[in-house]
Amino acid sequence: MTREIVMDNECLRAKLDRKETIANATFTDVDWSDLDCEDTRFADCVFERAQFSNVIVVGAKFSRCQFLRCRFARTELCDAEFEECVFTARDDPPEGCSFAFSDLRRTRFLKCDLSLCQIERSDLFSVEMDQCNLRGARFHKVDFSHAYSRKVVVTRATFRNCNLELVDLAEARLAECDFTDSRLREADLTSTDLTDAVLRDCDLFQAVLAETKLAGADLRGAEISGMNLLSLASFAGMKINQSQQHILLQGVGVDVYPEPER
């Protein structure tokens with residue numbers, strides 16, 4: 001396929017008005033402010049240094065697109081889908097995109113590279129990330145919850161089979177969220193609420209777990225070497241396999257010996 005060298009605002013607006021699929025386009029000098037891209041399909045496009053300010057991207061679908069040094073500010077991304085998209089510029093040093101004050105409710109990312117992205121003060125209720133690379137990403141003051149009433153607040157997010165190595169999720173509220181088969185090596189989970197979260201088969205080696213809430217969390221099959229129960233804020237009802245018992249006991253200084261032969 002031949003990629004268009006550039007698509008200007010006039011051409012872009014015409015395609016948006018006609019609800020056409022936008023494919024093989026490179027955007028380097030487009031003013032995205034206040035554009036309505038609702039339900040638009042983008043495929044094999046490159047967005048470079050784009051400032052998505054107050055843009056409506058509700059229900060849009062992006063396939064194999066690249067977002068290089070882009071910023072999403074107050075962007076409506078709820079129900080959007082990103083498949084095999086890249087949000088990291090491989091410069092020296094590499095640089096991830098930033099999301100601020102944006103709506104990512106029910107947004108779905110499949111096989112995307114969001115490494116080193118900065119996500120702050122955004123609504124991520126029911127966000128889904130499957131087989132994504134989030135290495136070194138930072139989540140700051142984001143909200144994974146939704147209040148249906150004054151008494152009913154639901155927290156929901158899914159990170160399945162994702163690379164979350166070195167990610168910063170400190171103080172995030174992630175109770176009952178699903179991290180099945182994800183890699184959380186050296187992740188900062190300081191004061192993170194993971195109550196009743198699903199962490200089955202996760203790699204938590206050297207993750208920072210100071211004051212982390214793990215009560216009721218399911219860690220069966222997880223790599224928990226070095227975990228110190230005494231550093232956690234809670235762990236009552238935490239689920240582990242029998243083979244993981246000695247790891248936790250050693251973490252609190254209890255020596256475990258095999259049963260003597262009789």
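Helices (H or I, at least four residues) and strands (E, at least two) are DSSP runs, numbered from the N terminus. With that in hand, welcome to Asp-178, which sits in the loop between strand 19 (157-160) and helix 2 (245-251). This is a predicted model, where local features need pLDDT of at least 70, side-chain atom pairs count only at pLDDT 80 or more, and totals for chains, interfaces and linings use all residues. Residues are numbered from 1 along each chain as its sequence is written, and side-chain values use heavy atoms, with hydrogens and water left out.

**Around Asp-178**
- Asp-178 is buried because its relative accessibility is 17%, and buried means under 20% relative accessible area, exposed over 50%, and partly exposed in between (1.4 Å probe, protein chains only).
- Leaving aside residues up to four places away in sequence, Asp-178 touches Ala-157, Thr-158, Phe-159, Arg-160 and Val-198; contact means heavy atoms within 4.5 Å.
- Between the C-alpha atoms of Asp-178 and Asp-193, which are 15 residues apart along the chain, there are 13 Å.

**The sheet with strand 19**
- Seen in order 1-3-6-9-13-15-19, 7 strands form an open sheet with parallel pairing; two strands pair if DSSP finds at least two bridges between them.
- Strand 1 (22-23) and strand 19 are at the edges with a single partner strand each, so one side of each has no neighbour in the sheet.
- Strand 15 (residues 127-130) runs parallel to strand 19 and is joined to strand 19 by 4 bridges.
- Met-129 has Phe-159 in strand 19 as its bridge partner.
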